[in-house]
Amino acid sequence: MKQFFAFVKKEFFHIWRDKRTLFILLGMPITQIIIFGFALTNEVKNSKMAILDFSKDAASSQLVQKMSVSKYFDATTVLTNYQEVLPVFKKGKIKMILVIPQHFANDLQHGNQAHIQLICDGSDPNVANTLSTYASAIIKDFQTAIVKEQKLPYRIETDIRMMYNPELKGAYSFVPGVMALILMLTSAMMTSIAIVKEKEMGTMEIILVSPLRPFSVVIAKAIPYMILSMVNVATILLLSVYVLDVPIRGSLLLLLSEGLLFTITSLALGLLISSITDSQQVAMLISLMGLFLPTTVLSGYMFPIENMPLPLQVMSNLVPAKWFYSIVKTIMIKGLGLSYVWKETLILIGMTVFLFGLSIKKFKTRLS
Amino acid sequence: MVKSNSNNMSAVIVNNISKKYKVEKSQVTALNTVSFEVLKGELFGIVGPDGSGKTSLFRVLTTLLLADSGNASIEGYDIVKDYKIIRKKLGYMPGRFSLYHDLTVEENLSFFATIFNTSIAENYDLIKDIYQQIEPFKHRRAGKLSGGMKQKLALCCALIHKPSVLILDEPTTGVDAVSRKEFWEMLQRLKAQGITILVSTPYMDEASMCDRVALMQNGQILAIDKPDQINLQFSKPLWAVKAASMYSLLKTFKKWQAVESCYSFGEYYHVVMKSDLNGNDAIKSYLLQQQFLDIEVHQITANIEDSFMALMNKSHD
């Protein structure tokens, strides 16, 4: 046991003294969460829009008011005629222009029909689409408010409710995804590199000749990275609760235990990689191509698995991150308990046992 | 765990060990039926050029590689069957000084002490002489040490668990001349404490420091004997020859039918003649005939390198 702790201590020295790698390891979750949370988002907030109001009556100013109050639009620019429309788009800052024709209030009250034009910058179709949808929703809201005063004979009201994520926040789906990604990277890649490094430096020769059992060596190598990964899990959870307002609806203890389980799965993968490679570069390449790519693409957090061709759907079942992603989503966002994730948990446990067994068996007690 | 009682005097017994590697489809024989014995408390040297199979042999003995055929035992334990016991009894210093560069001198030593189930304090007297030289730098990272200091630290790490057999793979390669000399003095002191030492080196001059040496070439052992005995095997007279124009002298010797071998050695050529009849005078007169100036010829006694060259030539024929 004393030998084992000496080994773990030595591993901590390695990690602690390589300040640059440590910084990357601990900084990665923070930067990832911040990048995904604030930069890489397809939500539209505070888009600049311009108003071209020919009518300038009570109804039109009420509508403009409603637009600029919403957090999606920032209606600061006011245009006076159509000639200004093209130059404004050419500058590129304004994404949408709301055109209200003359006699808007009058048409609305007496003609029962009024027109409004939305001109969008279609060079980014996604943004244009989202903006026009948001604007239409606000206009519809405005209309309902007016219509309420009069009684219409037939009307269907669609009442849409987004369960678990009423505001359709992107953070709800990427926080579990980033967690899976970072655990995979720190645990699998770093452990495999750490072990292969001993082979490269030649120290593995002495460790093999020592009375230490292979099992102890492998576990001692993995423990520091396990602790580091749990620190990362804590960082991600703290950031998502306090910075991104993503709640933890389920049991925190269950969430952490599942995090620990997935960390161990990743560590086992890292150990397996290290036992089949002899150089740090190869270990890194395999980790990146073999783990990073499937984790982002096939775990379901970037692209829905249901839309993939059947062979890819089948393959995605082999990716541990897919199961972890689904577990975290269920616990964190839906707030459900173990009875809803026991199947995924069992699959992860099975994968872990298999990978660990394989890597211990593959760990060579000799050089070749 | 069956202790063989064939020879209680031998610490290491190697019997017909062979090992082949596959290198890009062709097979390379690293070890070809190697056999030898090392007595208890002996300082045994394995001398041979790069690629002669020294490292492979040591890796087989340290249980890191499996031989294709043959068997060997260390302290009576079989290297394949009892590898776990052997790993406790062995001190091994691989060719590259395998230390953790980001750990300090002291941390390296205490780490290796701990994983071998001991502590620095427990065996301090064994490494004291060596460790005292690097102790002033004990808080320095191992990666920042000079070659000689790394070597001393690696030796301390290999010794810390008080092994009964110490295997050192080219410990003096890449180390300055002063450190090399000190290192061999340290080995002598360790030997005096009763540790069996098996050491390999590419330097012929170091062979004379061993009790016995094995000359190795192309995976085969050419000769095993005491260093001065090996020199006695050198039967023919050896001549050191020098002239004004050394390059054409070499060409002349290569062409001359009466010469058996000729190779450069410092500022002289060492020449062996086919027949003992061709002595000092014969060589001199032949060279005069070929119009060489400042000719100098005198007989010398063979050193270990001459013996090695002679044995190598013999095995080529």
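1. Let's start with chain B, which is divided into domain 1 (10-231) and domain 2 (235-301). Bounds like these come from an automatic or database domain assignment. The centres of domain 1 of chain B and domain 2 of chain B, taken over C-alpha atoms, are separated by 40 Å.

2. A word on what you're looking at: this is a predicted model, where local features need pLDDT of at least 70, side-chain atom pairs count only at pLDDT 80 or more, and totals for chains, interfaces and linings use all residues. Residues are numbered from 1 along each chain as its sequence is written, while chains are lettered from A and ligands numbered from 1 in the order in which they are written.

3. Now for chain A. The domain assignment gives it domain 1 (2-40 + 169-362) and domain 2 (47-147), and the C-alpha centres of these two domains of chain A lie 48 Å apart. How many helices and strands does chain A have? There are 14 helices and 4 strands; helices (H or I, at least four residues) and strands (E, at least two) are DSSP runs, numbered from the N terminus.

4. Chain A's overall shape deserves a look. Its radius of gyration is 28 Å, whereas a compact globule of 368 residues would have one near 21 Å. That radius is taken over C-alpha atoms, and the globule rule is 2.2 Å times the number of residues to the power 0.38. The C-alpha trace of chain A spans about 95 × 45 × 40 Å along its principal axes.

5. Next, how chain A is packed. Of its 368 residues, 35% are buried. A residue counts as buried if 20 or more other C-beta atoms lie within 10 Å of its own, exposed if 12 or fewer, and partly exposed in between, with C-beta atoms placed from the backbone. Take the contacts in chain A with a separation of 6 or more: 80% of them join residues 24 or more positions apart. Two residues are in contact if their C-beta atoms, placed from the backbone, lie within 7 Å.

6. Where do the chains meet? On the chain B side, 22 residues are in contact with 22 residues of chain A. The chain B elements that give two or more residues to this side are α2 (83-89), β6 (90-93) and α3 (105-115), and the largest share, 4 residues, comes from α3(B). By type, the chain B side divides into 11 nonpolar, 5 polar and 6 charged residues. Here Ala, Val, Leu, Ile, Met, Phe, Trp, Tyr, Cys and Pro count as nonpolar, Asp, Glu, Lys and Arg as charged, and the others, Gly among them, as polar.

7. On to the cores. In soluble globular proteins, nonpolar side chains tend to be buried together. A nonpolar core is a set of buried Ala, Val, Leu, Ile, Met, Phe, Trp, Tyr and Cys residues joined through C-beta atoms within 7 Å. Which residues touch the most other members of the largest core? They are B:C156 and B:I197, out of 144 residues. Helix α7 (residues 171-201) of chain A gives the most to this core, with 19 residues. Leaving aside residues up to four places away in sequence, B:C156 touches B:L109, B:I127, B:I130 and B:Y131. A second, separate core of 19 residues includes A:A50, A:L52, A:C120 and A:A135.

8. Chain B also has an open sheet of 4 strands, in the order β2-β1-β4-β5, with antiparallel pairing. β2 (26-39) and β5 (77-78) of chain B stand at the edges with a single partner strand each, so one side of each is left without a neighbour in the sheet. Strands pair if DSSP finds at least two bridges between them. β1 (residues 10-23) of chain B and β2(B) pair over 10 bridges in the antiparallel sense, and B:K22 stands opposite B:Q27 in β2(B).

9. B:E37 sits in strand β2 of chain B and is partly exposed, with 19 other C-beta atoms within 10 Å. B:N16, in strand β1 of chain B, has a positive phi near 50 degrees despite being a residue other than glycine. B:E75 lies in the loop between β4 (69-74) and β5 of chain B; its phi is positive too, near 55 degrees. Is B:E75 buried or exposed? B:E75 is buried, with 20 other C-beta atoms within 10 Å.

10. Last, a hairpin. Strands β12 (residues 259-265) and β13 (residues 268-273) of chain B pair in the antiparallel sense over 6 bridges, with B:S261 opposite B:V272 in β13(B). The hairpin has 2 residues between the strands, and B:G266 takes a positive phi near 60 degrees.
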